[in-house]
Amino acid sequence: MSELSKQPVPDHAEYNAFFPSEYSLSVYTAPKTDFDGVKFSQPYTGGKYKILMIATDERYLQMQNGKLFSTGNHPVETLLPMLHIHEAGFAIDVATLSGNPAKLEIWAMPSEDEAVQNIFQTYLPQLQKPLKLADVLPQVLAEDSPYLGVFIPGGHGAFNAIPESREVVQILRWAVSNDRFIITLCHGPAALAACAQDGEFPFKGYELCVFPDSLDEGANIAIGYMPGRLPWLAAERLQELGMTVLNQDITGKVHRDRQLLTGDSPLAANALGILAADTLLAAAKA
C-alpha cells in the first residue's frame, strides 16, 4: 500500500491553485464530528432575536509565493456552531461581502455526519444566495436591531477581504458598543483585525483562542495542507493589536471574554456551538 502524498493537489479550475494534499486531509478531516446532541434544556421561542453570519465568498487565497490556496469556510467550523445556534431557537441570516455564494471547503465536509448534513441542507439556500452585507448593515445597526450577535466561521478563507471590510468594522464595533455577541473560531478571528483600520482597537486587552501560527508556519506547509506561507498570521497580528492568545496548540479549547466567544480549531466547533447556545439563551432570557 503506497503512502499518501504530501504534495498539494492541483485545482484544475484555476491557474496555479491547489487543494490540500491527500496526506493532510487524512490527518485533518473525518467523516463524523463529535456532535452528540444539544445541551440546553429549553430553546428560545421569543422570535425577536437572530444571528448574522458573515461568510467568505472568496475561494482562492494568494500565498506569499504567489500560489493560490483553494479554501473557503471550513464546513465543520461553519455548520456545527450553526447547528447549536439554530436548534437553540435563533434564526441565522447568512451574508457575504458581495452577496455572491458562500464558499465551503467541501473537501473537509463530514459526509457521514447526519446532523451536520441536515443543517447544511437547511441553510443551503441561504449559503447559495446570501444577503449582501452592505444591504443588511442598516438593519444591524438600527436602534431596534434584531441581531443578538454575529458569527464569523473559520477556514483560511476568512483572510480574504473580510479583515479589510468597512462593513465588518462597523458591525464589530456595533457589537462591542451594544453588548452583542461575536462568535468565531480557528482563522475566523482574523476578521477582528478589521477594526485596526481607524480609531482605538476595541478588542485590546481581550483574551481569545485562535488557530496557532506555529502550525500555519510549520506543519500545514510541511504536510502539504497549504501550498505556501500565508500572507500574514492571525495570532501574530491580533497580539500586536493588544489581544492575548490563550492557546499554543489545538485541543478544542473555547473561551469567553466579555461578549467575544472563540475557539481554537475545528476541534472546538462543537464546544463553541454549545457555549454560544447557552450564552445566547441566557442573554435572550435576560
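Let me start with how the helices were picked: helices (H or I, at least four residues) and strands (E, at least two) are DSSP runs, numbered from the N terminus. Axes are lines fitted to C-alpha atoms, for helices over the stretch in contact, with angles from 0 to 180 degrees between N-to-C directions.

Keep in mind that this is a predicted model, where local features need pLDDT of at least 70, side-chain atom pairs count only at pLDDT 80 or more, and totals for chains, interfaces and linings use all residues. Residues are numbered from 1 along each chain as its sequence is written, and side-chain values use heavy atoms, leaving out hydrogens and water.

Okay, the helix pair. The axes of α4 (residues 133–141) and α5 (residues 166–177) come within 10 Å and cross at roughly 20 degrees. That makes the two roughly parallel, the word for angles under 35 degrees.

Who touches whom? Contact means heavy atoms within 4.5 Å. From α4 we have L133, A134, L137, V140 and L141, and from α5 there's E167, V168, Q170, I171 and W174. By class, that's eight nonpolar, one polar and one charged residues.

Notes:
Angles under 35 degrees count as roughly parallel, over 145 as roughly antiparallel, 65 to 115 as roughly perpendicular and the rest as oblique. Ala, Val, Leu, Ile, Met, Phe, Trp, Tyr, Cys and Pro count as nonpolar, Asp, Glu, Lys and Arg as charged, and the others, Gly among them, as polar.
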